[in-house]
Amino acid sequence: MSYTTTINLNKQQTGLFLCLGCLSLLFTYGVLSYHSQAPELASRFLAPCLSHPFGTDWLGRDMLIRTMRGLGLSLRTGLIAAFIATIAGTIVGIGSGIRGGRLDAFLTWLMDIFMSLPHIVLLILLSFAVGGGLKGAVFAVAASHWPRLARVIRMETLQVRQSQFVRQAEHFGKSPSWIAYKHILPNVIPQAGVGFVLLFPHALAHEAGLSFLGLGLPPHLPAVGVLLADSMRHLATGRWWLALLPGLSLLAVILIFDHLGHRLQHHFGHSTREDNHAAH
Amino acid sequence: MLQSNNISFRYGANHPWIVKNGCFNLKKGSIVGMYGHSGTGKTTFSRILSGYLQPCEGTITCDRQPFPHSGFRPVQLVFQNPVEAMNPYWTMEQILTEASPLDDNILDLLEIPKKWLARRPSELSGGELQRIALARVFNRNIHYIIADEITANLDAISQASIWKVFSEYARSENIGVLAISHDLALLEKVCDQTIHFSEISPSPGDS
Amino acid sequence: MLRIENLHVAIRNGGSVGPAPIIKELNFTLDRGELLGTIGASGSGKSTLARALLGVLPSPVYTINGMISFQGIPLTGKHRASVLKNRIAYMPQLPNALNPLFKVGSQLRRMAVRKGLQSQEEIDRALDSGLQAVRLHYDVLNLYPYQLSTGMARRVFLAGAFLRTPELIIADEPTAGLDEELSEEIMTIIRNYVDNGGTALIISHDLKSLLRWSDGLSVLLDGNMIELTRRTSLSENFSVRHPYTNALIDALPSNGFNVKAKKMDMSSSPCPFFNKCTTKCPQPFELPRAKFFVTNEMVMCHAAVQ
């Protein structure tokens with residue numbers, strides 16, 4: 001009779017568990033704002049210790065809570081941006097692949113243009129053009145990331161178009177838009193989903209970068225990038241925890257979602273049609 | 001009548017002719033069997049006759065009109081592997097209603113129980129899917145059906161019962177059927193007349 | 001030669017429901033020098049059986065219980081690789097199972113080396129006898145797989161199996177996709193091999209060719225082997241006991257192309273054939289038990305014709 005029970009999680013379950021944990025951060029921005037984030041000047045610049053695992057900042061605010069709030073905000077922004085990019089990419093991808101011809105040629109040209117510009121430059125330009133801030137960050141990330149997904153979706157669309165059931169639908173007199181909605185879309189959604197999950201950590205990282213440069217979220221919305229920008233000033237005075245710990249947390253979240261995205265990509269493969277009749 | 005007039009086809013200028021000057025007529029209400037060696041072009045011919053491939057030379061006329069290239073085609077093809085012509089994400093109900101609204105008589109005729117309607121292609125066996133594929137083309141707007149080895153992967157009982165229903169339906173609804181198979185005994189039992197592919201297209205296939 | 005005892009194979013469906021059985025309690029033996037044909041509809045478990053015999057069912061997805069032994073050697077774990085390499089040959093269901101990048105000749109030579117042949121002479125001799133067994137001209141060695149027709153590709157694969165004459169051949173749908181003439185060629189080759197001391201297990205849905213070429217016929221329905229019958233010579237007919245087997249034979253176009261009307265009684269019974277069986281069943285609510293006969297035959301039916 002053993003008194004200890006071990007929870008045996010296999011790799012998949014661990015990954016999912018971690019992701020869910022990270023997603024719960026989405027709520028921290030709302031919930032934790034009720035915690036005191038008021039300055040407590042008595043405990044300024046405390047190094048990491050038991051009561052403040054991430055230390056405190058120049059106003060005595062607990063860094064762990066600040067980091068969690070920041071991540072929550074960044075996650076939300078990243079999610080919105082990734083979502084917009086995915087929707088746009090899917091629509092363009094299907095629209096481009098479904099008929100071919102001039103529309104396809106134009107859209108492919110557009111995708112190529114976007115993808116040939118250096119990422120960071122594009123992000124900065126777009127954010128600046130819209131006036132920075134939350135709007136700017138979301139717009140910049142979405143607008144610079146949709147082409148990659150659009151390409152993948154376009155390829156999938158072209159492939160699905162060749163399948164017998166699509167040709168059969170044409171033989172039943174169905175219009176291209178009917179086929180796009182009823183046949184292509186369901187077959188393309190898994191890849192779109194994978195694309196979204198992979199896009200999301202990208203979006204996070206870019207948003208943090210933009211905010212760090214001052215072109216993303218404004219300073220009063222404490223996203224991680226803003227946090228890091230503020231903390232940079234204090235590195236020289238040896239307060240390493242102000243930058244390192246939030247930075248590592250951001251990195252960890254990004255890696256977890258990136259890993260999930262790759263696992264999903266592996267699971268769905270590049271062909272979502274399985275031949276179950278070979279099983280018998 | 002579905003007519004192919006001097007159809008010729010090959011995959012490219014450097015490829016051999018797969019079909020050359022193929023002439024074939026299919027009357028409504030008749031069931032014609034076509035047999036021949038594997039790989040000689042029967043499948044290619046069936047694709048051309050049903051509109052999935054364009055012939056390089058020659059024309060196809062359907063009821064004295066040129067073969068329609070848009071809209072609901074009156075000539076449909078049933079494949080050897082029914083799974084290929086079904087969207088893996090769709091339910092049987094969606095697959096059946098794609099062509100026309102559900103007809104209970106047709107479902108009864110092909111012994112398709114209601115419980116299959118909610119299933120996906122991966123959940124049914126080959127024989128069951130072939131019945132659905134046939135139900136889809138048993139339709140007032142379809143006048144010619146080309147059956148390309150439709151029972152080649154099925155056991156003897158499914159084969160016999162499917163062909164019985166198919167031939168009865170074809171005769172009663174005056175549908176022209178071209179049945180392609182390598183099983184001569186099957187064709188002789190089911191068809192009014194049987195021809196060898198070389199009689200249509202006297203070119204050497206690869207055998 | 002091959003003994004299967006109490007084989008159960010189930011597949012995990014990925015849901016919270018337990019594993020779904022594919023093969024239920026299979027028991028049979030394959031004797032040396034016989035060609036046993038296994039017939040079954042799609043979904044009967046016949047392909048799973050072939051893969052279970054070769055041990056290629058991935059383990060957490062499939063659960064396998066029971067015993068498979070070849071000449072007394074159990075076919076599990078470390079034995080499998082060495083036994084299979086030289087003594088059991090497998091012909092898969094693929095139309096062209098060859099590597100498209102290399103010429104036929106080099107692939108056959110590589111197969112010979114893998115079977116343990118070492119000297120150039122040995123390999124050449126093996127290639128010669130292999131090609132001869134399948135009646136292919138040695139010109140085929142210079143072709144690439146895409147240049148072969150389906151029939152030729154199957155024969156090349158068989159030639160590979162014959163490089164070092166195996167003790168047992170397991171063929172999964174060897175005649176699928178082939179017309180009458182090619183089908184006959186492949187089966188003649190396998191028959192010759194069996195007549196010259198080999199043993200073969202053919203898994204197929206083509207009843208006509210099994211009735212013509214096999215010494216023994218086993219019938220799978222829904223994961224159960226419902227009949228196993230043997231005959232002493234190819235010119236005899238099989239003595240068939242199970243109504244399903246009779247119905248299958250009756251439904252062949254060359255026989256009667258008959259399909260009897262379904263029963264009106266739709267009550268369920270553990271017997272897998274009950275809903276389509278036209279014979280009156282003496283015990284419809286009990287699963288039929290396998291009845292074995294001294295002639296090494298069996299049947300699983302309450303109303304079996306003796």
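## Confidence

The predictor assigns the complex an ipTM of 0.86 and a pTM of 0.80. Chain A has a mean pLDDT of 80, with 87% of its residues at 70 or more. For chain C the mean pLDDT is 82, and 92% of its residues reach 70 or more.

Within chain A, confidence is lowest in helix α2 (residues 28-31), where the mean is 64. Confidence is highest in helix α7 (residues 164-171) of chain A, at 91. Residues 1-8 of chain A have pLDDT below 50, and beyond near neighbours in sequence this stretch has zero contacts in the model. Residues 271-280 of chain A are also below 50, but that stretch has 12 contacts beyond near neighbours in sequence. Where pLDDT is low, predicted coordinates should not be read in detail.

## Chain A

Chain A contains 10 helices and zero strands.

Of the 280 residues in chain A, 40% are buried. Among the contacts in chain A with a separation of 6 or more, 68% are between residues 24 or more positions apart.

## Chain B: overall form

The secondary structure of chain B consists of seven helices and nine strands. The C-alpha trace of chain B spans about 50 × 35 × 35 Å along its principal axes. A compact globule of 207 residues would have a radius of gyration near 17 Å, and chain B agrees with this because its own value is 17 Å.

Buried residues make up 50% of the 207 residues of chain B. Of the chain B contacts with a separation of 6 or more, 77% come from residues 24 or more positions apart.

## Chain B: the four-stranded sheet

Four strands of chain B form an open sheet with antiparallel pairing, in the order β2-β1-β4-β5. Its edge strands are β2 (19-26) and β5 (65-66) of chain B, each of which pairs on one side only. Helix α1 (residues 42-49) of chain B packs on this sheet and touches β1, β2 and β4 of chain B. The direction of α1 makes about 125 degrees with that of β1(B).

Strand β1 (residues 2-9) of chain B runs antiparallel to strand β4 (residues 57-62) of chain B, and five bridges join the two. In this part of chain B, B:S4 stands opposite B:I60 in β4(B).

## Chain B: strands β6 and β7

Strand β6 (residues 75-78) of chain B is joined by four bridges to strand β7 (residues 144-148) of chain B, and the two run parallel. One bridge partner in β7(B) is B:A147, which pairs with B:V78.

The side chains of β6(B) can be sorted by direction: B:V75 and B:L77 point one way, whereas B:Q76 and B:V78 point the other way. All four of these residues are buried.

## Contact between chains B and C

Chain B gives 22 residues to the contact, and chain C gives 22 residues. On the chain B side, the elements that give two or more residues are α4 (126-137), α5 (156-172) and α6 (184-190) of chain B. Helix α5(B) supplies the largest share of that side, seven residues.

By class, the side of chain B that touches chain C has six nonpolar, 11 polar and five charged residues.

Technical notes
Residues numbered from 1 in each chain as written. Chains lettered and ligands numbered in written order. Pairing = 2+ DSSP bridges. Contact = placed C-beta atoms within 7 Å. Axes fitted to C-alpha atoms, helices over the stretch in contact; angles between N-to-C directions. Rg over C-alpha atoms; globule rule 2.2 N^0.38 Å. Buried ≥ 20, exposed ≤ 12 C-beta atoms within 10 Å, placed from the backbone. Nonpolar A, V, L, I, M, F, W, Y, C, P; charged D, E, K, R; others polar. pLDDT = per-residue confidence, 0-100.
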